[in-house]
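Please read the numbered points beside the model.

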Amino acid sequence: MIVRYLREHTSPPVFVTSAVLAVAFVSWGVLSPASLGSVADSVNAWITDTLGWLYIFSATGFLVFVIVLMASRYGRVKLGPSDSTPEYGTVSWFAMLFTAGMGIGLVFYAVSEPISHFTAPPTGDGSSPEAARNAMLYTFFHWGLHPWAIYIVLGLSLGYFAFRKGLPLRPAAALYPILKDRINGWPGYLVDIIAVFGTLFGLATSLGIGAQQVAAGLDAVFGWENTTTLQVVLIAAITAIAITSLMLGLDKGIRRLALINLWLALALMLFVFFFGPTRDLLNSLASNIGTYVQEVPGLSFETFTDGGNGTAAEWQSSWTLFYWGWWISWSPFVGMFLARISYGRTIRNFVAGCLFAPVGASMVWLTVFGDSALELVQADPADPLAEAAPETAIYVLLAQLPVPEFVVLLASLLTIFVVVLFFATSSDSGSLVVDILTNGGDPNPRWQQRLFWAVLEGVIAAVLLTAGAVAGTDALSALQTASIVAGLPLGIVLVLMAVGLTRALRDERFVVALPVEPSPAQGLRESSRRSTSSSENGEGITGSHTEPETHDPLLSETAVAEFATTRAAPPDSGGERSGRDQD
C-alpha cells in the first residue's frame, strides 16, 4: 500500500532519498549535537576559505544575467502561452513574493546589521561618519539586487520550462537543454534532491532566526527568559500555525496570510517613521540609494582577502558569504514559489517585478529602522543599541521612541506578531515547494505530504539551534553555517540553469505581425485625394495612374515582433482559471 502511494503521488527516488537523509540528519543532531556542530563548523571554514570567491562571482553574475535578459528581446516571452494572463493581481502577487523572499530576516537584521557595520566595519575606523555611511551601504548590498537576482534565475527557469514548454515544475526540468531525457534519470533526481536540502536548510535558518526574535520579544514584553528551550517551543507552536495555513491551500491560506502580513509590516514601519527622525530619514533614503548605486559595482567584486582592519576576511565570511549562501539555499523555495504564482507574466514583467519592487521596499524598510538606530548611536556611543543582541535590537529601538510606554508595548506586540506571520508564511510556502520538489512537479500536492515536510522543517530548525548551543557556539552561527554549506552545490546548479535557459531562449521563433489595416473611410479619402490630384493634372478618372507603392511590413514602423508559441496547459489542471483575481 505504501509503495503504491509513493508511486502514484511522489517521485519515489527524490521523496524517499530526501526523507531518509533528512531524518538521518535530525537523528544525528538529536543523538550527538556536539559532533554535528563541530563537523558543520569545519566544513564551513573550508568553504569560506577556499571557495568564497565562487559565491562572490556567481551572485554578481546572476545579477548581470537577469538584467541583460530583461532588457533583451526575450523580455517579451511569457511564462505560458502568448495569450495567457496573470493568475494573481499585482498586490497579491507582490505580497506573496515579498513575504516569501525576505520576511523574517528584514525584521531581524534591519536594526542590528547597520549598528554592527557602524561599530565594527571591515575597513576604516568604527563609529565614524564614514562608518555610518558604509553601514547602510553594506546593509543595502546584502539585501538589495543580488538576492533577488539569485531567486529570479531559478524562478524564471522553472516558470519558462514548466508553463511554456510543458515540463514538470521541478529544478531538473530547467536543465533539459543540458541533460535532455536524463532529467528523468539519476542526474535529474540528484538536482532535485540538492534543491530539497537547500530549501530545508535555508528555511531552517529563517525559522531559527524567527524563533530567536519572538523569544526576545516575549522576554522584553513579559519577562520570559530567552532560552534555547523557549525557542524550540516557539518553533513548534508557530509551525502549527503554518500547517493550518498550508492545509487551507495557496489561495485561502498562503495568499491571505501574506496580505495580512504585508499590511501589518507596513503599519510597523510607518509607526517608526512618524515617531522617529522623519525628516532625517527622508534625507537618508536619498543618500543611501545614491551611495548604493555608485558603489555596488565595485563592492560586488570585493573579496577582502587581506588588509582592512585585520578581520576583513572574517567579516566577509560572517556577513556577505553567509548572505549569498542563505539566498542561494533559499532559491529553490523562493524561485519555485515565484514561478508557481507568476503564470502568464512576461520575462520582463517577472524580472522587473521581482527585482525592483521588493528591493525598493526593502531599502525603505532598512532606512527607516537602520538610520533611526544609527542616529541614536551616533548621538550617544553608550546607547543600549550599540551593544544590543541582533534578536533584541528592534525592541531596544522601539523603547527609545518618544511615545508613552503603553504604545511601546503595543508596538512590541505588533513586532512579535509580524515575525510570527513571516515565520508562518515562510514555513507554509516552503512546505508547499518541498512537496512539489519531491512529488515530481505536481503544483497541487496532497495534504499528507505537505504536513510531513512542514513538521520536518520545524524539527531541523530546532536541531540546528540545539546543536549550536551544545557545541558552545551561538545558535546564529550554527544557522549561518547551515546556509553557507547548503548553498555551495546549489550555486553550481543555478549556473547550469542560466546556461540552459539561455540555450532554450535562443531557439524561440519570431513572427512579424502585419500592420493594422486602415479604415474604409481613410481609403475613400485617399482615393478622393488622388482623383482630385489627377483632375488638376489633366487626367480623367479613366486616365492612367501610378500603381500604389508596395508596403513591406518588415520595414513598417508599426510592425510588432511577437514570439510564436505552442499552447500549453495552465499550471492548475483541475478547475477553470479565472484569469486574474481582484485585489
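1. Phe161 is buried, since its relative accessibility is 3% (buried means under 20% relative accessible area, exposed over 50%, partly exposed in between, with a 1.4 Å probe and protein chains only). Tyr160 is likewise buried, at 0%.

2. The model is predicted: local features need pLDDT of at least 70, side-chain atom pairs count only at pLDDT 80 or more, and totals for chains, interfaces and linings use all residues. Residues are numbered from 1 along each chain as its sequence is written, and side-chain values use heavy atoms, with hydrogens and water left out.

3. The whole structure contains 29 aromatic pairs (rings of Phe, Tyr and Trp, the last by its six-membered ring, pair if their centres lie within 6.5 Å; planes under 30 degrees apart count as stacked, over 60 as edge-to-face and the rest as tilted). Phe15 and Phe452 form a tilted pair because their planes meet at 40 degrees, with ring centres 6.0 Å apart. This pair links distant parts of the chain, 437 residues apart: Phe15 lies in helix H2 (residues 12-31) and Phe452 in helix H16 (residues 447-470) (helices are DSSP runs of H or I, at least four residues, numbered from the N terminus).

4. Phe15 has a relative accessible area of 13% and is therefore buried, whereas Phe452, at 32%, is partly exposed. Tyr160 and Phe161 make an edge-to-face pair, with 5.2 Å between centres and 85 degrees between planes.

5. One aromatic cluster includes Trp143, Trp148, Trp319 and Trp330.

Terms used
Helices (H or I, at least four residues) and strands (E, at least two) are DSSP runs, numbered from the N terminus.
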